[in-house]
Amino acid sequence: MQFHENGYVTGEPRVKAPAGVGIDRPAALPAAMDVLIVGEGPAGMITAAQLSQFPDIDARLVERRPEQLLVGQADGIQARSVETFQAFGFANRVIDEGYHITEMSFWKPSTENPENIVRTAVAEDDANGVSEFPHLIINQARVMQYFAEVMRNSPSRMVPNYGIEYLSHSIDESQEHPIEVRLRTVETGEEFAVRTRYLVGADGARSQIRRDIGATRQGKQAAHAWGVIDSLSVTDFPDWRVKCAIQSHDGGSILHIPREGGQLTRMYVDLGEVAEDDNHAVRETPMSEVIARANEILHPYTVDVKHIAWSSVYEVGHRVTDRFDDVPADQIGTREPRVFILGDACHTHSAKAGQGMNVSMQDGFNLGWKLAHVLLGVAPQQLLRSYTGERQEIAQNLIDFDMTWSSMMAKRPEDFDSPTELEDFYVRTAEFPAGFMTEYKNSLVCGTADHQDLAAGYPVGKRFKSFKVSRRAEGNTVELGHLAEADGKWRIYVFADAPKAGEDSGVSRLGEWLATDAASPLVGKDLGGRKRREWFDAKVIYQQRHLEFELRDAPEAFRPTYGAFDLMQYENVFGTAPEGDIFEARGISRDGAIVVVRPDQYVAQVLPLSATDELAAFFEGVMPHA
């Protein structure tokens, strides 16, 4: 973490000095703004937290509740989400606070006495080591509070506006702020209007914004009911502090998840199929009935619920909207999107896969930096088309996975082809629920795999998987991927060819080109209130150990000056670590490679060190010089 570049800083370094819209920021909504986000859920908050890092963007978030979320709702945090929290600066705090899932138990009816459940298998949660980050359980409310802290501490000093409800919107492209949004103060019923350049609907499964843009949900409507209960309980069930998939003889099931704090647990209790004429009556199911059903499934064990922290009964279907923005299919290419929906507003599914909050946050992370780049004039408006193109396919993949997992959980044990089919599926597909199966296709912000063989461990379109390296400046071993912040910057990781640092080589020639050539993405006029090079974080990793070369042997492109005093950047030059060789671990060619990574941590390009024309052409599309 760097924080003295503009002068000595005392106090909490995470609290940035106010700038731009953060200076004397008014609490009330302005009449006009750049982005209005509706909904304080995970998708809305991460979008707001990303936009809050840009003090020249006036972004606001409204929420109809009178105050921030305090309890309940989602709780599963996949490793990919923890990786994302690292970029926002609070991963370690969540890791310290959360419950760590290291294994999962599977319980099924006993073959001797089917009315009793028995433990049939225990599976390691991440047997293949897909991430160095843990799989966690922590209250969604805490995650929202961490994002709120990021917003408050940002240069823009962003805070949600509570007690404000969205009503409708209209668009007039002749206006500087084309969208007029009708809102209502919940407490008084007073209606008023504001104008914005972009509108983001993170307003949940019953999204009014989704209806207003004419997006339609496709797939199976709500047909299955669940009772969910967070409780403090007394029980003789032996795996009460282990994540469990529990199947009973009559087809009922429980997904049991221990919670943070040592005692709290969550049970998702299967209440069965919902009749078509139910009209949501199942939502009135009393908690006493849910607890009774849980005891039936757990037999011969019992659970005595002493305190309920939060509970709900809800129906869930598997549905994805036909698009995630306001541009109908027949108008794509003729106009650019102004309104976006994300999270539950565009995909709903069961809780069994533990993906809702996680996928929703990736929706927001994907959209947030793109909005920032377009608003600041860094990227063309066409960049915003890629949001629906990328996230809709991911949502559909989630629905397909969840339908398979849910149907398997609902099966009777005798209906499986193999007695270990459920746990085998859990282990075999571990990368998906961990959040690492996302693979974006070729687009303006995602290149082709023509040179993939140069860095096989960094597939184009997938997230940049970290590995340890040694920083030359002080010899510390660090995780390379953990150094990326949610600052809107593109990352250019340059893996050096065989010659040592300081010698004429592919990496020295590339470094010279990056620093001086007019076609280099780092060279040119200021963009969005920053020096052009400050939109990039260029790092070099040598094949040698850190003491086998000097810091100043690296090209100046990787040692730029920054801050008020033009101080040299010491932290972007690395050698291989004692714990392992990143070139070997990630399949990087000894001839070197360029790995370009997007602001949301996904690999956008893999190129040879000599491919300056291709590198220039790629960035000319997303960050043109003219």
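Asn572 is buried, at a relative accessible area of 7%. Buried here means under 20% relative accessible area, with a 1.4 Å probe and protein chains only. Keep in mind that this is a predicted model: local features need pLDDT of at least 70, side-chain atom pairs count only at pLDDT 80 or more, and totals for chains, interfaces and linings use all residues. Numbering runs from 1 along each chain as its sequence is written, and side-chain values use heavy atoms, without hydrogens or water.

Where does Asn572 sit? In the loop between strand 24 (567-568) and strand 25 (573-576). Strands are DSSP runs of E, at least two residues, numbered from the N terminus.

Now its surroundings. Beyond its neighbours within four places in sequence, Asn572 touches Asp537, Ala538, Lys539, Val540 and Phe558. Contact means heavy atoms within 4.5 Å. With Lys539 there is also a side-chain polar contact of 3.3 Å. That term means a pair of N or O atoms within 3.5 Å, one able to donate a hydrogen and the other to accept it.

Next, the domains. The assignment, automatic or from a database, gives domain 1 (20-71 + 139-218 + 320-411), domain 2 (99-135 + 221-317) and domain 3 (452-622). The C-alpha centres of domain 1 and domain 2 are 31 Å apart.

How many cavities of 30 Å³ or more does the structure hold? One. A cavity is a set of points on a 1 Å grid where a 1.4 Å probe fits but cannot get out; lining residues have an atom within 4 Å of a point. The largest cavity holds about 90 Å³. Its lining includes Glu83, Phe133, His482 and Arg598.

Key: Helix = DSSP H or I, 4+ residues; strand = E, 2+ residues; numbered from the N terminus. Buried < 20%, exposed > 50% of the residue type's maximum accessible area, 1.4 Å probe, protein only. 1 Å grid on protein atoms, 1.4 Å probe; cavity = no way out; pocket = protein on both sides within 12 Å on 5 of 7 lines; lining within 4 Å. Points joined across faces, edges and corners; volume = space filled by probe spheres on them.
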